[in-house]
Amino acid sequence: AALVDEETHDHVSYPLQVDYCGVCGMPPEYCEYSPNPPKCHEWMKIHLPDYYTILVEEADKQVGGLSVGRKQSRGGKAIKKPKKTVIRSIKVCMQVRSKKKSVTVITGLRTCDIDLRKASKSFATHFSCGSSVTGDDEIVVQGDVCDEVVDYILEQWPEIEQDCISIVKDKKK
């Protein structure tokens with residue numbers, strides 16, 4: 001039981017004669033996917049006017065004139081999301097590690113677009129102590145240097161304002 005309508009295949013004669021585009025070498029139906037569709041359309045206007053009227057002009061009527069002269073870029077155009085306004089806030093707090101040992105924890109430098117590794121190295125050399133990047137946005141400096149860190153941050157990175165930095169003195173581990 002064939003479901004093929006006999007009326008639609010009356011005008012087809014075998015062997016099929018397939019026309020190819022002289023620019024891209026593909027059948028005219030696929031010229032819109034070629035590297036240079038406008039050149040294919042110009043060639044098609046001259047050499048295959050029947051295909052041009054069927055393919056290009058009919059497609060323009062349906063789409064609204066977008067297919068001629070517009071090359072599809074790879075990946076398309078993404079919808080640009082509005083940038084979120086990041087609140088700049090740097091927290092400096094002291095944590096007690098063991099009986100007499102303490103560390104200063106600095107968080108929020110990434111919100112000010114500061115490279116954490118460079119900042120950690122800078123803290124270590126300036127305060128003559130160990131400093132490391134732990135976590136996503138956290139730098140641990142050995143010793144209780146909370147007040148000095150705030151002054152050093154303001155001195156080292158002038159784009160950071162005093163209001164952005166908050167000091168928390170007693171933070172338990």
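This is a predicted model: local features need pLDDT of at least 70, side-chain atom pairs count only at pLDDT 80 or more; totals for chains, interfaces and linings use all residues.

Reader: How many helices and strands are in the protein chain?

Author: Helices (H or I, at least four residues) and strands (E, at least two) are DSSP runs, numbered from the N terminus. Here the protein chain has four helices and five strands. Their order along the sequence is α-α-β-β-α-β-β-α-β.

Reader: What share of the residues counts as buried?

Author: Buried means under 20% relative accessible area, exposed over 50%, partly exposed in between (1.4 Å probe, protein chains only). Of 173 residues in the protein chain, 28% are buried.

Reader: Which residues have the most contacts inside the largest nonpolar core?

Author: In soluble globular proteins, nonpolar side chains tend to be buried together. A nonpolar core is a set of buried Ala, Val, Leu, Ile, Met, Phe, Trp, Tyr and Cys residues joined through side-chain atoms within 4.5 Å. The largest one has 23 residues, and Ile 90, Ile 106, Leu 109, Phe 123, Ile 153 and Ile 160 have the most contacts inside it. Strand S1 (90-96), helix H3 (116-127), strand S4 (138-142) and helix H4 (146-156) each supply at least two residues of this core. H4 gives the largest share, five residues. Apart from this core lies another, of six residues, including Cys 21, Cys 31, Met 44 and Leu 48.

Reader: What joins the side chains of Ser 131 and Ser 120?

Author: A polar contact is a pair of N or O atoms within 3.5 Å; within protein, one must be able to donate a hydrogen and the other to accept it, and residues adjacent in sequence count only if both atoms are side-chain atoms. The two serine side chains make one of 3.0 Å. Ser 131 sits in strand S3 (residues 131-133).

Reader: Is Leu 16 buried or exposed?

Author: Leu 16 has a relative accessible area of 55%, so it counts as exposed.

Terms used
Residues are numbered from 1 along each chain as its sequence is written. Side-chain values use heavy atoms; hydrogens and water are left out.
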